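Hello,

Here is the structure I promised to pass on. Please open it first, then read my notes below.

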Amino acid sequence: MTENDFVAPEEVSYPDSGTVAWKAPSNIALVKYWGKLPNQIPANPSISFTLDACATRTILEFQKLEKPGDQFSFEFFFEGKPKPDFIPKLNVFFERVAPYLPFLRQFHFKIDSLNSFPHSSGIASSASGMAALSLCLLEIERQLNPEMDALYFEQKSSFLARLGSGSACRSIAGDLIQWGKTPSIDKSTDLYGIRYPFEVHRDFKNYHDTILLVHKGQKMVSSTEGHGLMQGHPFAGQRFQQAHKNLERLQEVFGIGDLEEFIKIVESEALTLHAMMMTSQPYFVLMLPNTLEIIQRIWQFRKETGIPLCFTLDAGANVHVLYPQSVKERCIQFIQDELVAYCENGHYICDRIGQGARRMFPQPNT
Ligand code: PMV
């Protein structure tokens with residue numbers, strides 16, 4: 001597939017108006033994407049668990065414009081209220097996807113979004129938000145072309161979502177999604193996320209992710225700025241190589257269900273991501289004292305009990321605690337007894353691996 005495969009036919013006639021709705025989940029990277037090239041091309045490959053509970057639901061109403069202009073015509077509502085500060089980001093997104101969705105300038109859109117997770121939880125909603133919007137936009141194209149096959153729909157919606165926010169391309173399908181060209185995975189591509197093509201042991205099919213909300217406020221440095229700082233970063237070359245290597249190592253780990261090796265890779269990836277931040281120019285630190293306190297306690301618990309619980313981090317202070325279904329009860333108990341005290345107002349979110357985005361309207365099979 002190349003970019004050209006995603007250009008929609010121009011000469012079809014679109015309906016005058018309509019409504020579509022999709023719900024897309026968030027995802028948590030195991031091998032992290034950090035650093036990008038122009039056009040939202042990742043500097044290194046990544047892989048993530050698709051989540052289930054943390055998701056964005058978007059309703060998109062569209063109405064044909066009497067006099068289409070050069071500008072995009074849309075309004076954005078978040079949790080029922082107009083949200084003008086999102087308009088510039090959405091304009092950039094529309095500009096980027098317009099070559100692949102030629103109808104965009106012919107309609108007025110009302111975008112209405114809602115997150116399942118608390119608004120100020122410090123959880124980035126760009127992945128699930130951009131994925132849900134991309135799915136809605138592509139749904140309009142599919143209404144004109146009902147034969148569009150499911151794989152093409154999945155690939156193009158991931159491709160569009162990537163143009164909104166890189167990691168959003170891993171929020172379309174489930175349950176383990178890989179993105180970024182890498183020699184060990186034949187079908188891998190920089191253009192969209194693919195379902196992990198190799199065998200995955202059942203232990204990795206029902207993983208849990210309990211998200212400890214250490215800090216719910218705005219991040220000091222955005223991920224866009226952080227990606228930018230990988231340009232000219234003294235350790236960038238080594239880091240990008242390491243990501244390829246870790247994906248290759250994961251192949252056997254997933255195949256045989258090697259939890260010990262999985263933990264080594266995932267925790268090292270999380271700390272490497274933050275090490276890159278701490279060694280950028282300018283340098284910055286997103287972890288907080290409670291982030292480190294939680295990490296220490298996880299290590300201690302694992303050493304004492306042998307239970308395969310581990311952590312990963314996003315570009316923020318919150319901690320994702322990962323563990324398989326078989327040890328769920330013990331892990332939840334440990335989290336409640338020892339870790340919740342380090343969360344802002346004791347808040348955390350219980351999530352688990354999910355199967356990808358779902359269409360809400362028109363309802364499937366109608
Ligand atoms: O998709 P972005 O531009 O918000 O970048 C996401 C970066 C990380 O969350 C830190 C890593 C990843 O692969 O999701």
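Thr-56 has Asn-115 as its bridge partner in strand S7. Note that this is a predicted model.

Next, the cores. The largest nonpolar core holds 78 residues. Leu-104, Phe-109, Phe-254 and Phe-262 have the most contacts inside it. Helix H2 (residues 126-144) gives the largest share of this core, 10 residues. Why does the core lie between domain 1 and domain 2? Because both domain 1 (3-197) and domain 2 (205-352) give residues to it.

Take a look at Phe-254. Leaving aside residues up to four places away in sequence, Phe-254 touches Leu-30, Ile-47, Leu-176, Tyr-196, Glu-199, Val-200, His-201, Phe-204 and Phe-262. There is also a second, separate core of 25 residues. Leu-309, Tyr-323, Phe-334 and Tyr-342 are among its members.

Last, the ligand. Which residues come nearest to it? Of the 13 around it, they are Tyr-33, Ser-167, Arg-170, Ser-223 and His-227. An N or O atom in the side chain of Ser-223 is 2.9 Å from a ligand oxygen atom. For His-227, a polar side-chain atom lies 2.9 Å from an oxygen atom of the ligand. Ser-165 places a polar side-chain atom 3.2 Å from a ligand oxygen atom.

Best wishes

Terms used: Residues are numbered from 1 along each chain as its sequence is written. This is a predicted model: local features need pLDDT of at least 70, side-chain atom pairs count only at pLDDT 80 or more; totals for chains, interfaces and linings use all residues. Side-chain values use heavy atoms; hydrogens and water are left out. A nonpolar core is a set of buried Ala, Val, Leu, Ile, Met, Phe, Trp, Tyr and Cys residues joined through side-chain atoms within 4.5 Å. Buried means under 20% relative accessible area, exposed over 50%, partly exposed in between (1.4 Å probe, protein chains only). Helices (H or I, at least four residues) and strands (E, at least two) are DSSP runs, numbered from the N terminus. Domain bounds come from an automatic or database domain assignment. Contact means heavy atoms within 4.5 Å. Two strands pair if DSSP finds at least two bridges between them. A residue is near a molecule or strand if one of its heavy atoms lies within 4 Å of it. A polar contact is a pair of N or O atoms within 3.5 Å; within protein, one must be able to donate a hydrogen and the other to accept it, and residues adjacent in sequence count only if both atoms are side-chain atoms.
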